[in-house]
Amino acid sequence: MEKTIITVVGKDTTGIIAHVCTYLADNEINILDISQTIVQGYFNMMMIADFAHIQKPFTQIASELNEVGERLGVQVKCQREEIFEKMHRI
Amino acid sequence: MININEVIETNKMVEEETLDVRTITMGINLLDCADSDLDRCCERIYKKITTLARNLVSTGEEISCEIGIPIVNKRVSITPISLVGGSCCKTPADFVKIARTLDKAAKEIGINFMGGYSAIVSKGMSAADELLIRSIPEALACTERICSSVNVGSTKTGINMDAVRLMGEIIRETAEATRERDSLGCAKLVVLCNAPDDNPFMAGAFHGVSEDDAIINVGVSGPGVVHYALKSIRGASFEVLCETIKRTAFKITRVGQYVAQEASRRLGVPFGIIDLSLAPTPAIGDSVADILCEIGLEHAGAPGTTAALALLNDQVKKGGVMASSYVGGLSGAFIPVSEDQGMVDAVLAGALTLEKLEAMTCRSRYDCHSGRHTGFVHQRTDS
């Protein structure tokens, strides 16, 4: 399993989760967990996804997800889970 | 499992608080490139660097993309050239030829800087050391990415005053040789005491003789992150203050540790050390002086500055050591006036004098066992 954190930040509109999830499904990325919150009026969503079966390079998926976000007017980032583990766990 | 608040916190550090990995520096041993023939020596140096560090830049960019944290510089440090070129260089011009070769190799692999055009003369100067030192002005004028350093003293041996005197002339000549370009040569030249063998930061980086054939060292920074963290606890006790600095240093160092391990694994080169230095940049919010003010000073340089800096260094180091077993390099706080907007403001306000700066740099030096006070020497020649 290659856990990756996908974050979506921006103004809330309809279909954000739908669009992002469609892209993930098309690329064989399984979603393990979703949580969301509103911080200072902004929509914040975090997904933990499994990148073990991806066919494209990680960097390409990252930039394509970013494009999906741009079309929706939100910022989409994907980052390896390890970096958060290292930073926040002893 | 990681929760959303931790993810938001990390991304805020990057986006708003200027957290970055300042550099991945590959240290390369060039001693096996030494030859009595200059051309052959240059050829071997070029080949070794371009082979070992071929994928350094692309690997750095790949890791940066995957973790979403910028890795600003990719660099190479090499064995001090006075050792490598000692047997084939008979004049300063011969050393300049090696400098040109190094510059060509640096451009070929796309790195930002290469450090190690250096001489270690803390006790005495060999003929080769002196030739290299005398070649520095021209070498820095005719190359773009080469950094030079000269270690003129150590705690054990004291200071080599002949070398200090010579360096005074060399700094001036370097400034003159690059006068058309704001004397840029001097920005790529450092005079150090107690230079560590594994420092990843420029311009003082070189690959010491006690190191592996090749290693990956990582430099992390983040004065902005510490500043923001302290801002959020304004008015709290010293205990809370220290705890906050430690926690923040821990997190920053962990980022560096991860990057170093990944780079080391992907490049097949052993991991050396993490250097956690609060190194400012001229960007607003990326200032060590701002941290000192947040601790409670009116300005950097005001009464209490030395104590605040000592406290900061101490806590940064404690947090860093907890986060990684391989903390090395200079690790501490870097306080150059010209690269820190808060320090510039303090000078303009008349709060920071040269004497105070000297006291602050000594504080850093004794703490770090390092030559960070060279920033001071450099500034003095600058102004």
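Predicted model: local features only at pLDDT ≥ 70, side-chain atom pairs only at ≥ 80, totals over all residues.
Residues are numbered from 1 along each chain as its sequence is written, while chains are lettered from A and ligands numbered from 1 in the order in which they are written.

**Chain B**

Let's start with chain B, which has 14 helices and 9 strands. Helices (H or I, at least four residues) and strands (E, at least two) are DSSP runs, numbered from the N terminus. The radius of gyration of chain B, taken over C-alpha atoms, is 20 Å, close to the 21 Å from the globule rule (2.2 Å times the number of residues to the power 0.38) for 383 residues, so chain B is as compact as a globular protein of that length. Along the principal axes, its C-alpha atoms fill a box of roughly 65 × 50 × 40 Å.

Chain B splits into domain 1 (28–193) and domain 2 (221–382), with bounds that come from an automatic or database domain assignment. The C-alpha centres of these two domains of chain B are 26 Å apart.

How much of chain B is buried? Buried residues account for 58% of its 383 residues. A residue counts as buried if 20 or more other C-beta atoms lie within 10 Å of its own, as exposed if 12 or fewer do, and as partly exposed in between, with C-beta atoms placed from the backbone.

B:Gly60 is buried, with 27 other C-beta atoms within 10 Å. If you skip its neighbours within four places in sequence, B:Gly60 is in contact with B:Ile24, B:Ile71, B:Lys74 and B:Ala263. Contact here means that the C-beta atoms, placed from the backbone, lie within 7 Å.

**The sheet in chain A**

Now for chain A. Here you'll find an open sheet of 4 strands in the order S2-S3-S1-S4, with antiparallel pairing. Two strands pair if DSSP finds at least two bridges between them. S2 and S4 of chain A are the edge strands, each pairing on one side only. The pairings look like this:

| Strand pair | Sense | Bridges |
|---|---|---|
| S2(A) and S3(A) | antiparallel | 9 bridges |
| S1(A) and S3(A) | antiparallel | 8 bridges |
| S1(A) and S4(A) | antiparallel | 7 bridges |

A:Gln75 in S4(A) is the bridge partner of A:Val9.

S2(A) and S3(A) form a hairpin with 2 residues between them, and A:Gln40 in the turn has a positive phi of about 45 degrees. As for S4(A), 5 of its 7 residues are buried.

**Where the chains touch**

Finally, the interface: 23 residues of chain A are in contact with 19 residues of chain B. Which element gives the most to the side of chain A that touches chain B? H3(A) does, with 8 residues. By class, this side of chain A has 9 nonpolar, 7 polar and 7 charged residues. Ala, Val, Leu, Ile, Met, Phe, Trp, Tyr, Cys and Pro count as nonpolar, Asp, Glu, Lys and Arg as charged, and the others, Gly among them, as polar.

Definitions and conventions: Contact = placed C-beta atoms within 7 Å.
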